[in-house]
Amino acid sequence: MASAPSSSARTYDRRMPGGIDLHAHTSVSDGTETPAELVAAAVDAGLDAVAITDHDATTGWREAFDAARGTGLMVVPGLELSTQLDFASVHLLGYLVDPGHPGLVAEMERIRAERLDRARSMVERISVDYPDLSWERVQQHTTPGATVGRPHIADALVELGHVPDRSAAFQSILHWQGGYYRPHEAPPPIEGVRLIVAAGGVPVIAHPGAAGAPRVLTDDVVRRLVDAGLGGLEIAHRDNRPDQVPRLRALAERYDLIRTGSSDYHGAGKPNRLAENVTEPDQLARIADRATGAVPFRG
Ligand code: AMP
Ligand code: FE
Ligand code: FE
Ligand code: ZN
């Protein structure tokens, strides 16, 4: 019964050309580069394929496709849907969804609006102690229509000299125990899985071994998510706690789940580098075979 760990998601080996990185953000959410800049960075990194997975948004796809034309890079369109269970945040990557699916569009809009309210309220709280922080200043660090999050508040705090970089902001003022934190509402993961499946996409739990996720992603919850249509687990990701990885591999084995590995690149906003973790081609093929909402764009 015991099978050797056979993670298809391997750590990037510089001697191997190409690679598939299925998790990256742009200025459509909290990445610091535009979709076209992400594509250029993916080409520079020597990737064969990159997924654009902005938080609760698909509006960067078109620009990424246009930028990829003629480069040979494959762009896998997706999103990272915010969900929540028992106060823990669970992120669902949704690959190859129909970006016009009414239910998905409505839910993304709802979450973005809720995130906006929450960001404003956090800024209000922070500005009591840091009066030079204003909502206008935070907005200057977002692009119109972007999914607003703590990273944008961090950028304003960096500009004002209160913290040296985003990571320092997350470890202090923006930390969930930092005194100013407010959660935002999001649907439970089972609804997120159903929604992504309804939109023709393939749901994969992002960084399932990170932070508070393991507390809520019990074996029973994972089984229910699989029953609802969960397609895979993001196993190779820098935020997955090493002590969680054997369990994630075992779950993937038990339910024959797709195994991915990815960077979660945010441009200059996070230390994560493109291609630091990658996904095996057969696992991407499984995603493409299963999806009906969209197809990868071959540049
Ligand atoms: P929020 O969704 O607004 O609560 O903010 C969390 C988001 O901020 C995550 O999706 C990460 O992409 C990003 N984030 C978390 N930690 C850091 C960090 N140390 N530096 C930069 N960005 C971070
Ligand atoms: Fe992010
Ligand atoms: Fe995430
Ligand atoms: Zn992400």
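How far is an oxygen atom of ligand 1 from an N or O atom in the side chain of histidine 55? The distance is 3.1 Å, in a predicted model where local features need pLDDT of at least 70, side-chain atom pairs count only at pLDDT 80 or more, and totals for chains, interfaces and linings use all residues. Residues are numbered from 1 along each chain as its sequence is written, chains are lettered from A and ligands numbered from 1 in the order in which they are written, and side-chain values use heavy atoms, with hydrogens and water left out.

**Shell around ligand 1**

- The ligand is surrounded by 14 residues (a heavy atom within 4 Å), and His55, Arg118, Arg150, His266 and Gly269 are the closest.
- Helix 6 (166-171) is among the helices that each supply at least two shell residues, and its 3 residues are the largest share.

**Largest pocket**

- Ligand 1 takes up space that is the largest pocket, whose volume is about 1,400 Å³.
- Its lining has 45 residues (an atom within 4 Å of a grid point), with Ser89, His91, Arg150, Phe170 and Ala211 nearest the centre.

Conventions: Polar contact = N/O pair within 3.5 Å; in protein donor to acceptor, adjacent residues only side chain to side chain. 1 Å grid on protein atoms, 1.4 Å probe; cavity = no way out; pocket = protein on both sides within 12 Å on 5 of 7 lines; lining within 4 Å. Sits in = over half its atoms within 2 Å of the grid points. Helix = DSSP H or I, 4+ residues; strand = E, 2+ residues; numbered from the N terminus. Points joined across faces, edges and corners; volume = space filled by probe spheres on them.
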